[in-house]
Amino acid sequence: MLNEGRTRVDDEASFKMVGRCTAVLSALVQRLEPA
């Protein structure tokens, strides 16, 4: 996991993804790829 717990930019982030790094990055790539 990356940055477990609170970080200094949590109040500025528009969203936060929580999970295992490979799963989160894979899901993010799928969402960003053009349909």
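The legends below describe close-up views of a predicted model.

**View 1**
The chain has 35 residues, and buried residues make up 6% of them. Its accessible surface comes to about 3,600 Å². Carbon and sulfur atoms account for 54% of that surface. Helix H1 covers residues 21–32.

**View 2. Asp10 and the residues it touches.**
Asp10 belongs to the segment before helix H1. Leaving aside residues up to four places away in sequence, Asp10 touches Gly5 and Lys16. The side chain of Asp10 also makes a polar contact with the side chain of Thr7, at 2.8 Å. Another polar contact, of 3.4 Å, joins the side chains of Asp10 and Arg6.

**View 3. The salt bridge between Arg6 and Asp10.**
In this pair the closest N and O atoms are 3.4 Å apart. The pair counts as a salt bridge because a side-chain nitrogen of Arg within 4 Å of a carboxyl oxygen of Asp meets the cut-off. The side chains of Arg6 and Asp10 are also joined by a polar contact of 3.4 Å.

**View 4. The salt bridge between Arg6 and Asp11.**
The side chains of Arg6 and Asp11 meet at 2.7 Å, N to O. Arg6 has a relative accessible area of 57%, so Arg6 is exposed. For Asp11 the relative accessible area is 67%, and Asp11 is therefore exposed. The cut-off behind both labels is a relative accessible area over 50%.

**View 5. The network of Arg6, Asp10 and Asp11.**
The count for the model comes to 2 salt bridges. One of them links Arg6 with Asp10, and another links Arg6 with Asp11.

How values were computed. Residues numbered from 1 in each chain as written. Predicted model: local features only at pLDDT ≥ 70, side-chain atom pairs only at ≥ 80, totals over all residues. Heavy atoms only, no water. Buried < 20%, exposed > 50% of the residue type's maximum accessible area, 1.4 Å probe, protein only. Areas by Shrake-Rupley, 256 points an atom, 1.4 Å probe, with all protein chains shown as cover. Helix = DSSP H or I, 4+ residues; strand = E, 2+ residues; numbered from the N terminus. Polar contact = N/O pair within 3.5 Å; in protein donor to acceptor, adjacent residues only side chain to side chain. Contact = heavy atoms within 4.5 Å.
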